[in-house]
Amino acid sequence: MAYTALYRKWRPSTFDEVRGQEHIVRTLKNQIITDRIGHAYLFCGTRGTGKTSIAKIFAKTVNCEHPKDGNPCGECAMCRAIAEGASLNVIEIDAASNNGVDDVREIRNQVQYPPTDGKYKVFIIDEVHMLSAGAFNALLKTLEEPPEYVIFILATTEVNKIPITILSRCQRYDFRRISIDTIAGHLRELADAEGIDADDKALRYVARVADGSMRDSLSLLDQCAAFHFDEKLTYDNVLDVLGAVDTGVFTRLFDAVVRSDTAECLRTVSEMVAEGRELTQMVTDFLWYMRNVLIIRNASEDDRLEDMVEMSEDNAKVLREQAQHVDEETLMRYIRVLSELSGQMKFATQKRVLVEIALIRLTRPAMENNLDSVLQRLAELEKKMSEIPSGADLAAAAAAAAQQGGTAGPAAGIAAASSAPKEPKKVTLPQAEYEELKLIREEWPMVVGKASGSIRSALRDSFVNPISPGRMEIIVPDQMNAKMLERLDAFQQISDIIAEDYQREIRFTARGDGSVKQEDTVYVSSEDLQAAINFPITEED
């Protein structure tokens, strides 16, 4: 007897055997039990999620002579005939190859004749979005008012291509992507039944690669089991068959990207190509790895990381350490570049070239001129500038060295400058202006947090200084951030936030100056100063 592929052999034959679509199964079973069966159904969702399988089970159940709790008995003549594909009551049509007006007219001709046995004639039209505009129009009237013995089940992976006139005449059911846990559990049951010795980790990886498709997962397991026949199916075996890359390689590659080590990134790609790894799958897995780093960076201490990122606690700890060495804007740029690459590789002939170019872009943000690349370059410049002493520090260091009579040179002077505390400047403000400044400085992190994403990035490491009553100046690290705030119309947005949350009318400007620190100036109120010196203060115009 010829071998039957796993996805065909283990196709569900009752509603109870369907996995991952409980919301649809329950609705259809209730309709059958209460005899409230519709005349037209639309099953939409990604590939391999059970659309055709559930359509066949539904067709079998409505014609079953002895249904049990909304399931077909599987033993009567009608159930056996439908299962064998020999029943004239169930007509399957592939709209991809039968998409013309004449094909739909043939359907209309068949609708006129009632079933010879059984209750219903069921038309299952797969990939219905492939029908032409004329075919949809020809189907419209029949779909709206079919005979009472006819049921239409339309299945599609691209519901956006279905005319609204068809959608409005059907009961729509959206099939969800099946979760990794559900697929992995089903693969374990199937492997045990088939006598396939497989590790749970291997099956879980197959489930993740299937991307929510049960049929894809069974095909992949079939492929892996055939390659390692009479062997234990381990995680490494699955990686070899699918051309995938181990997580450890992504850890090394991610560290190289963060360090801007272009040569190490290119060496890693060369190694993967030499080992026969599939580059498209590698990019997909690396993109998922970046996503996990971003999730961990934003997760709270109470979250169960192993559930959120689908990995063990040990691997989650490694990602947690890596997340501390990269900011969110840079991570978002990495994910954007890899997402663009993933879309390009589906149609590319020179995949290696595209991967290498993308990695060079990741390690050299100067090659791009969009906002997130500019922000990464600014962050790198700020880090380098912070390590260089300013001219004022050098002058103070030289003066300190001269006073000490030392001739140890600039190094000793720099050390003296860094150790000498800077005396803050004291400025007196009217009581109302002082209280306003105190309020805005205390609430400034919340104000920034409510701003839009681009403005929030430009306000990183910022603070406010007073100018005059009702006016404040935003101090940002450099002039580029200040110009970005002007271009994004940030001042009006910030004023609106403060007016709504704190009932204060304040106008803002911005200044980019990395040498200005908030602690350089101490502001005190005139009332506090008067109380401290016990002497009246008069302000001269």
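Helix α14 gives the most to the lining of the second largest pocket, contributing seven residues. Helices here, with H or I and at least four residues, are DSSP runs numbered from the N terminus, as are strands, with E and at least two. The model is a predicted one, in which local features need pLDDT of at least 70 and side-chain atom pairs count only at pLDDT 80 or more, while totals for chains, interfaces and linings use all residues. Residues are numbered from 1 along each chain as its sequence is written, and side-chain values use heavy atoms, with hydrogens and water left out.

The second largest pocket has a volume of about 620 Å³, and of the 21 residues that line it, R208, V209, D211, T284 and W288 are the closest to its centre. A pocket is an open set of points on a 1 Å grid over the protein atoms alone, where a 1.4 Å probe fits, with protein on both sides within 12 Å along at least five of seven lines, and lining residues have an atom within 4 Å of a point. The volume is the space filled by probe spheres set on the points, which are joined across faces, edges and corners. The elements that give two or more residues to this lining are α9 and α14 (279-298). By class, the lining holds seven nonpolar, six polar and eight charged residues, where Ala, Val, Leu, Ile, Met, Phe, Trp, Tyr, Cys and Pro count as nonpolar, Asp, Glu, Lys and Arg as charged, and the others, Gly among them, as polar.

Helix α9 (residues 200-209) also packs with helix α10 (residues 214-227), at an angle of about 135 degrees and with their axes 8 Å apart. Axes are lines fitted to C-alpha atoms, for helices over the stretch in contact, and angles run from 0 to 180 degrees between N-to-C directions. The two helices α9 and α10 are therefore oblique to each other, since angles under 35 degrees count as roughly parallel, over 145 as roughly antiparallel, 65 to 115 as roughly perpendicular and the rest as oblique. On α9, L203, V206 and V209 meet S217, L220 and L221 of α10, in a contact (heavy atoms within 4.5 Å) whose residues divide into five nonpolar, one polar and no charged.

The axes of α12 and helix α13 (residues 262-274) come within 9 Å and cross at roughly 155 degrees, which makes α12 roughly antiparallel to α13.
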